[in-house]
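Reader: I'm new to this structure and would like a close look at the ligand's surroundings. Please walk me through that part slowly, and then show me how it ties in with a few other spots.

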Amino acid sequence: MNWTIEQRYQRIDDMPNGYFKDLIEQRKKDNFYPSFHIAPPCGLLNDPNGLSQFNGEHHIFYQWFPIGPTHGLKHWYHVSTKDFVHYTDHGVALYPDSDYDSHGVYSGGGLVDNQELLLFFTGNKRDKDWVREPTQCYASMNKQGEFTKHGVIVENSDYTEHFRDPKVWKEGDTYYMVVAAQTQELHGSMVLYRTKELSSWEHLGPIKTDYDQLGFMWECPDYFELDGKSIMLFSPQGVESDNPYEYKNIFSVSYILGDSLNKDKPELVNHKAITQPDFGFDFYAPQTYLDEQGRRIMYAWIGLPEIDTPSVDYQWTGLLTIPRELNVIDDMLIQTPLAELKALRKEKLAARGETLLPSSSFELKFEADSNFSLELSNEKGDTLIFEMNETEFKLDRSNNTHIYAEEYGLVRLAPRLDRTQNIQVFVDNSVLEIFINNGKHTMTSRFFIQDMNKLSLSASIDANLYPLDSIVGLHTNTELNLANR
Ligand code: FRU
């Protein structure tokens with residue numbers, strides 16, 4: 001379906017009775033819908049937003065367009081969990097109901113401060129000539145789960161109309177904010193602001209690195225310190241590479257690891273070369289937060305701007321990765337599935353050679369020190385293949401039942417760094433998250449094999465297979481949860 005601007009900017013309240021029930025019922029018929037990933041009730045999910053642990057729970061918000069599986073007027077949807085198995089579906093948290101966010105409550109981060117959860121976001125506004133006037137805004141959530149929008153706190157003085165996605169942290173009594181901004185020279189940048197009062201912020205300018213000319217926009221910036229290092233994580237647009245591994249998707253994700261951030265004259269000091277956290281087909285807009293145990297947890301959107309997936313036929317698209325704990329080892333960002341996810345494991349099965357799958361949602365673990373291949377397939381012979389040779393890993397979805405985004409290629413490669421490989425794979429109907437070498441590399445992708453029922457492993461591999469339970473509390477309602485109206 002081709003969506004007109006009018007259709008993309010319709011409001012929830014204007015939709016006829018039964019409209020959302022119908023969408024949700026169509027979505028429920030989709031066998032490719034995930035069971036242990038956070039996915040939207042209907043419509044389009046994009047970036048994770050406002051991640052935080054507050055009042056005993058982890059809060060996960062996401063960008064959401066309810067009316068159909070396309071980009072339009074964005075809301076913040078809200079779910080929470082104590083244990084990453086049982087969830088509460090809170091419905092819509094933030095509506096685009098103010099003048100400053102009339103064209104969408106866009107992405108941003110969360111910060112627990114003075115017994116409240118502060119939610120920073122971009123007010124996306126367009127004027128009558130459709131010119132965008134973005135501002136950085138915030139809302140708060142109290143312990144009762146009530147939201148208050150506080151309005152605009154940062155206006156755009158120095159950048160083009162691409163100025164969005166605030167991420168805020170606090171050191172002592174000083175707040176810092178990074179914002180994604182396109183410079184007047186039309187390059188991407190991560191811009192730093194500082195304040196002691198949320199209402200007025202000092203503009204410190206783009207954080208200097210060796211990559212000041214890279215791409216035309218850096219979306220969804222995140223800055224954090226971890227294991228003694230300073231990390232800039234962002235989603236650059238307009239970057240290409242001759243290297244066989246990097247920048248193969250329409251837009252990619254990068255990080256730059258440095259020794260420290262000079263906040264007075266913004267610069268990432270003594271940094272390494274830019275690199276990618278993920279080498280799969282569908283990974284974008286990651287965001288991190290620090291939980292009460294001191295873990296740095298990351299979620300990303302399994303999806304990409306401007307790419308339609310086959311899920312749109314069932315009135316939904318986009319989902320979040322499983323939560324991943326981050327660490328820095330040997331100057332690399334290491335990603336580990338959050339330990340709590342082990343609670344989803346059912347019995348442990350041995351997988352060798354060919355195995356009939358007991359479930360299409362499972363986890364697989366094995367070690368390998370020579371070439372191997374892992375194939376998921378159906379009776380018709382449609383496949384997804386993940387394999388390793390002497391130098392690299394290859395993920396091949398060219399023989400899937402449903403193929404999409406083929407203009408960006410049907411194969412992704414990742415470099416092989418070590419001799420012995422420790423591989424952990426999470427499969428959830430149409431989603432695959434591969435952790436290579438305890439998370440030195442990951443490959444995250446959608447894939448579509450109708451009635452997938454078989455796993456084939458090379459003879460050298462002895463794997464453990466755990467069928468995984470569904471997460472509980474999401475994906476079940478047949479009515480839309482229009483809370484906080
Ligand atoms: C990234 C992004 C953000 C923006 C949001 C709008 O996917 O384009 O830059 O805030 O999505 O939904």
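Author: Below I begin with the ligand, move to the strands beside it, and finish with some loops and a helix.

A quick word on ground rules. This is a predicted model, where local features need pLDDT of at least 70, side-chain atom pairs count only at pLDDT 80 or more, and totals for chains, interfaces and linings use all residues. Residues are numbered from 1 along each chain as its sequence is written, and side-chain values use heavy atoms, with hydrogens and water left out.

Now the ligand. You'll find it in the largest pocket. A pocket here comes from a 1 Å grid over the protein atoms alone: it is an open set of points where a 1.4 Å probe fits, with protein on both sides within 12 Å along at least five of seven lines. Around the ligand are Asn46, Asp47, Gln63, Lys74, Tyr106, Ser107, Arg164, Asp165, Glu219, Cys220, Tyr284 and Trp301; to count, a residue needs a heavy atom within 4 Å of the ligand. Strands β1, β10 and β14 each bring at least two residues to that shell. (Strands are DSSP runs of E, at least two residues, and helices are runs of H or I, at least four, numbered from the N terminus.)

An oxygen of the ligand has a polar side-chain atom of Asp165 at 2.5 Å. A side-chain N or O atom of Asp47 is 2.8 Å from a ligand oxygen, and for Lys74 that distance is 2.9 Å. On its own the ligand would expose 310 Å², and the protein buries 92% of that; these areas come from the Shrake-Rupley method with a 1.4 Å probe.

Follow strand β1, residues 43-54, and you reach Asn49. With a relative accessible area of 0%, Asn49 is buried, which means under 20%, while exposed means over 50% and partly exposed is in between (1.4 Å probe, protein chains only). Its side chain makes a 3.0 Å polar contact with the side chain of Ser107, one of the residues around the ligand. Such a contact is a pair of N or O atoms within 3.5 Å; within protein, one must be able to donate a hydrogen and the other to accept it, and sequence neighbours count only through side-chain atoms on both sides. Beyond four places in sequence, Asn49 also touches residues including Trp76, Gly108 and Gln287, where touching means heavy atoms within 4.5 Å.

Strand β10 holds Lys167. Lys167 counts as buried because its relative accessibility is 6%. A polar atom of its side chain is 2.9 Å from the backbone oxygen of Thr288. Gln287, which we met beside Asn49, is among the contacts of Lys167 as well.

Next, the loop between β20 and β21. Glu306 is there, exposed at 64%, and its phi is positive, about 65°, although it is not a glycine. Most residues other than glycine have a negative phi. Pro310 belongs to that loop too, but it is buried at 17%. Pro310 contacts His402, Tyr404 and Phe448. From Pro310 to Tyr404 is 94 residues along the chain, with 7.2 Å between their C-alpha atoms. Ala405 is buried at 14% and has a positive phi near 55°.

Asn429 sits in the loop between β32 and β33 and is buried at 11%. Its side chain meets the side chain of Ser360 in a polar contact of 2.6 Å and reaches the backbone oxygen of Tyr33 at 2.8 Å. Its touching partners also include Phe447 and Met452.

Last stop: helix α2, residues 19-28, with Leu23 in it. Leu23 is buried at 4% and touches Cys42, Pro66, Ile67, Gly68, Tyr314 and Gln315. Val179 is 35 Å from Leu23, C-alpha to C-alpha, and 156 residues away in sequence.

Methods:
On a 1 Å grid over the protein atoms alone, a cavity is a set of points where a 1.4 Å probe fits but cannot get out, and a pocket is an open set with protein on both sides within 12 Å along at least five of seven lines; lining residues have an atom within 4 Å of a point. A molecule sits in a cavity or pocket if more than half of its atoms lie within 2 Å of its grid points.
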